[in-house]
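Please read the points below with the model open beside them.

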Amino acid sequence: LSVTGAELWWLGEQSVAHRPTPQPVNETPVHDFLRERNAERADRGGVMLARVCPPAQMRIPSDLPTGALFPERLRDLHSYAFSDSRSHLLLEGLIGEGRMLRKFWPMALPDDPAVLGHPLWDLLGVDTIVSATVAQYAGPLATEVFELPGGRFFVYDRPTALPRAFVVHERTRVADDDRVLTAMLDPGFEPARHVLLTPDQNELLKDAPLGETPDSSRSVRIIDDVPDRVRMEVGDGPAGLLVVRDTEMSGWTATVDGKE
C-alpha cells in the first residue's frame, strides 16, 4: 500500500497545473508519418507495426527511435496484450525463445526471409515495419528515408497484411491447441482462406453457415473504434466467418445486427 501510494503521488505530481508540460518524446517526422498512416487506414483497423534489426543484433523495442507507440493508439506488435499462458507461443515458435523479452514480448524481429516472409505476420496484420538500419527482407520502402539527429530511419510496407477484420469461407478442424500452433507456424499456412478450429470451437460454430469461396472477399469496414466497443460493417456476399484479430479477453460479447 505504501509503494502504491508513493507511485500515485509521483504520477499526480507530474500532472498538476503549475508544472510545465514536458516536451513529448514522440515528436519526430517518423511519428507524424505513422499517425497519418494510422488515420488513413482507420476503416481497416489502422496500422500494425513491428520493428526489425539485423539477425546478429538483439534489440529491445525501447532501443529503437520510435519508442512506445501504444499511447498514440498505434497497434504495436511489441506491446501486445496477452490473456493466458499460451499467447506468446506463436511468436516464440517463429523467432525463437532468445528473442522474447521476459518470455512474453518479442524483441526486434530479425531481418531474415524465413521470419519476415511468414504468413503469420499477415494474420497479425503487420503492414508497417520500422528499422534503424537497412532491412533487406522487410518489403518496399513506405516513404523516403528519414534523416533524424540519431541517424537514418526506415519505414517499410508489407502489402500482404490482412486487415483487422476479414471474412473467411472455410474451416479446418484440428485435434487440439498444440495442432493449431503447429499449423499456424507452418510456412504454408493460409489465414485468408480458412480458420483453424479445435473440436470444442467447432461445436460452438457448428450451425454457422458457410458459402462457397468467392472470387473476391467480402468487404469489412470499421466504422466505430473506441476502447470498449468496435463496430464493423460487413459487405454482402456468401456466408462466412468474421475473423477479428483482437486478443480474446473476458467480458467481450459479439452481436450481428443486434443479435448475440
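1. A nonpolar core here is a set of buried Ala, Val, Leu, Ile, Met, Phe, Trp, Tyr and Cys residues joined through side-chain atoms within 4.5 Å. Buried means under 20% relative accessible area, exposed over 50%, and partly exposed in between (1.4 Å probe, protein chains only). The model is predicted: local features need pLDDT of at least 70, side-chain atom pairs count only at pLDDT 80 or more, and totals for chains, interfaces and linings use all residues. Residues are numbered from 1 along each chain as its sequence is written, and side-chain values use heavy atoms, with hydrogens and water left out.

2. The largest nonpolar core has 34 residues, and the members that touch the most others are Leu77, Ile95, Leu109, Leu116, Trp121, Ile129 and Met184. Four of its residues come from helix H3 (residues 89-95), which gives the most to this core. Apart from it lies another core, of 12 residues, including Val30, Leu69, Leu148 and Phe153. In soluble globular proteins, nonpolar side chains tend to be buried together.

3. Contact means heavy atoms within 4.5 Å. Beyond its neighbours within four places in sequence, Met184 is in contact with Leu90, His118, Leu120, Leu123, Phe189 and Leu196. Among contacts between residues at least 6 apart in sequence, 67% join residues at least 24 apart.

4. The protein has seven helices and 14 strands; these are DSSP runs numbered from the N terminus, helices being H or I of at least four residues and strands E of at least two. Buried residues make up 37% of the 260 residues.

5. Asn202 sits in helix H7 (residues 199-204). Asn202 counts as buried because its relative accessible area is 13%. Leaving out residues up to four places away in sequence, Asn202 touches Arg171, Arg173 and Leu197.

6. Most residues other than glycine have a negative phi, and most peptide bonds are trans. Arg73, not a glycine, has a positive phi of about 60°, and is placed in the loop between strand E1 (48-53) and strand E2 (75-76). Asp257 also has a positive phi, near 55°; Asp257 lies in the segment after strand E14 (241-244). Asp257 counts as exposed because its relative accessibility is 79%.
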